[in-house]
Amino acid sequence: MKIILITPAKKQSKTGNRVTANRWERLLRGIGHSVTVQSDWDGTPGDMMVALHAWRSASSIEQFRERFPGHPLVVALTGTDIYRFQHSHPEETLRSMEMADALVCLHDLVYRAIPESHREKLHVIHQSAVPLKRSRRPSVRTFDVCVVGHLREEKDPFKAACAARTLPEQSRLRVIHLGKAHSDEWAEQARAEMKINPRYHWRGEVGAWQVRQQFLKAHALVHSSIMEGGANVISEALIADVPIIASDIDGNVGLLGKDYPGYYPVKDTGALCDLLQRVETDQNFLRRLHKHGNERKHLFAPELESRHWQALLDSL
């Protein structure tokens, strides 16, 4: 089958949408399909279209549906589709959902946020990850928590840094932040934070292999997003045996499960500070995070993701 895969992110981009599109390209080719990746559909014929982002890809979705009305059309819902654009730009976003034969989402609670009329089209396909090639050896000199995410509003990127400011003086905790600043203003804010906060270290944009290197040394991951469609870094950290502290938004709960003990109320700096102090000082709590993470690992196996995609394509 020839699949046209649409992503609004450009080829050189390292944003979440482009990373997801690249992963899906490899996955779909791995199960026997031909894949052409484009930012905007140029009219190239295909047996079906998989469009990442209902709002940003709305034009490509509509054109493909008009030209090939009988060909399958899959729309993958991003976090901003689900939690922003279906409210701020309902005409284009909901029209994309309506035209789709199937909707793909990345976490278990998306059904609660979309119109009931579209829920029967919804398919949850968790993003997979592969284990680290070496055993983890967290630092003994410092207690390092990593933040992996670009500096933009949806990520609440400085929440861990702000929480770390109020830790007791004897704390050895450091925040290692990996991610590109989406503007000069965000970069300047990160540099300013480092000047006043010796616990915060911003490393900027890095490659995927450098994230995995950090997982080898980190004691925990902080995922502080206020809006998320299902971040791949959650599955990567779980598979790497890195304990996770996360905001209690649906996008995190839909991956980690309702009973996961490492949540804090979204945007609550004080609550996150308490969790950071606890994860550093309470080995029993750290073991609980490991235990709950291990119970979720099977959901993010590459072979399971491939089977779910193949089942979806077969059904269409």
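# Close-up views of a predicted model

**View 1. Helices α3 and α4 pack against each other.** In this predicted model, helix α3 (residues 79–88) and helix α4 (residues 90–99) meet at an angle of about 120°, and their axes are 5 Å apart. Roughly perpendicular stops at 115 and roughly antiparallel starts over 145, so α3 and α4 count as oblique to each other. On the α3 side, the contact is made by D81, F85, Q86, H87 and S88, while α4 brings P90, T93, L94 and M97. Sorted by class, the residues of this contact come out as four nonpolar, four polar and one charged.

**View 2. Helices α10 and α11 cross.** Here we look at α10 and helix α11 (residues 283–296), whose axes come within 6 Å and cross at roughly 100°. That angle falls in the 65 to 115 range, and α10 and α11 are therefore roughly perpendicular to each other. From α10, the residues making the contact are L275, R278, V279 and T281; from α11, they are Q283, F285, L286, R288 and L289.

**View 3. The largest nonpolar core has 60 residues.** Nonpolar side chains in soluble globular proteins tend to be buried together. In this core, F215, L221, I244 and L276 are the residues with the most contacts inside it. Helix α10 (residues 269–281) gives the most to this core, with six residues. Zoom in on I244 and, leaving aside neighbours within four places in sequence, you find it in contact with L221, I234, A237, L238, L256, Y260, G262 and L289. There is also a second, separate core of 21 residues, which includes I4, A51, L77 and L122.

**View 4. Strand β10 is covered on both faces.** In a regular strand, side chains alternate between the two faces of the sheet. For β10 (residues 220–223), A220 and V222 sit on one side, L221 and H223 sit on the other, and all of them are buried. What does β10 pair with? Strand β7 (residues 143–148) pairs with β10 in the parallel sense over two bridges, and V145 of that pairing stands opposite A220. Strand β11 (residues 244–247) also runs parallel to β10, joined to it by three bridges. In β11, I245 is the bridge partner of V222.

**View 5. Six strands line up in an open sheet.** Strands of a sheet pair through backbone hydrogen bonds, either parallel or antiparallel. In this sheet the order is β2-β1-β3-β4-β5-β6, and the pairing is parallel. β2 (34–38) and β6 (122–124) stand at the edges with a single partner strand each, so one side of each has no neighbour in the sheet. From one strand to the next, the twist averages 25°.

View 6. Which helix holds W309? W309 lies in α12, which covers residues 302–315. Its relative accessible area is 0%, below the 20% cut-off, so W309 counts as buried. Leaving aside neighbours within four places in sequence, the contacts of W309 are with W24, L27, L28, I31, V50, V104 and I125. One of these, I31, is 278 residues away along the chain, and yet the C-alpha atoms of W309 and I31 are separated by 8.9 Å.

**View 7. Two loop aspartates have positive phi.** The phi of D156 is near 45°, a positive value in a residue other than glycine. D156 belongs to the loop between β7 and α5 (159–165). For D241, phi is near 65°, again a positive value in a residue other than glycine. D241 belongs to the loop between α8 (232–239) and β11. D241 is partly exposed, at 31%.

Notes:
Residues are numbered from 1 along each chain as its sequence is written. This is a predicted model: local features need pLDDT of at least 70, side-chain atom pairs count only at pLDDT 80 or more; totals for chains, interfaces and linings use all residues. Side-chain values use heavy atoms; hydrogens and water are left out. Helices (H or I, at least four residues) and strands (E, at least two) are DSSP runs, numbered from the N terminus. Buried means under 20% relative accessible area, exposed over 50%, partly exposed in between (1.4 Å probe, protein chains only). Contact means heavy atoms within 4.5 Å. Two strands pair if DSSP finds at least two bridges between them. Axes are lines fitted to C-alpha atoms, for helices over the stretch in contact, and angles run from 0 to 180 degrees between N-to-C directions. A nonpolar core is a set of buried Ala, Val, Leu, Ile, Met, Phe, Trp, Tyr and Cys residues joined through side-chain atoms within 4.5 Å. Angles under 35 degrees count as roughly parallel, over 145 as roughly antiparallel, 65 to 115 as roughly perpendicular and the rest as oblique. Ala, Val, Leu, Ile, Met, Phe, Trp, Tyr, Cys and Pro count as nonpolar, Asp, Glu, Lys and Arg as charged, and the others, Gly among them, as polar.
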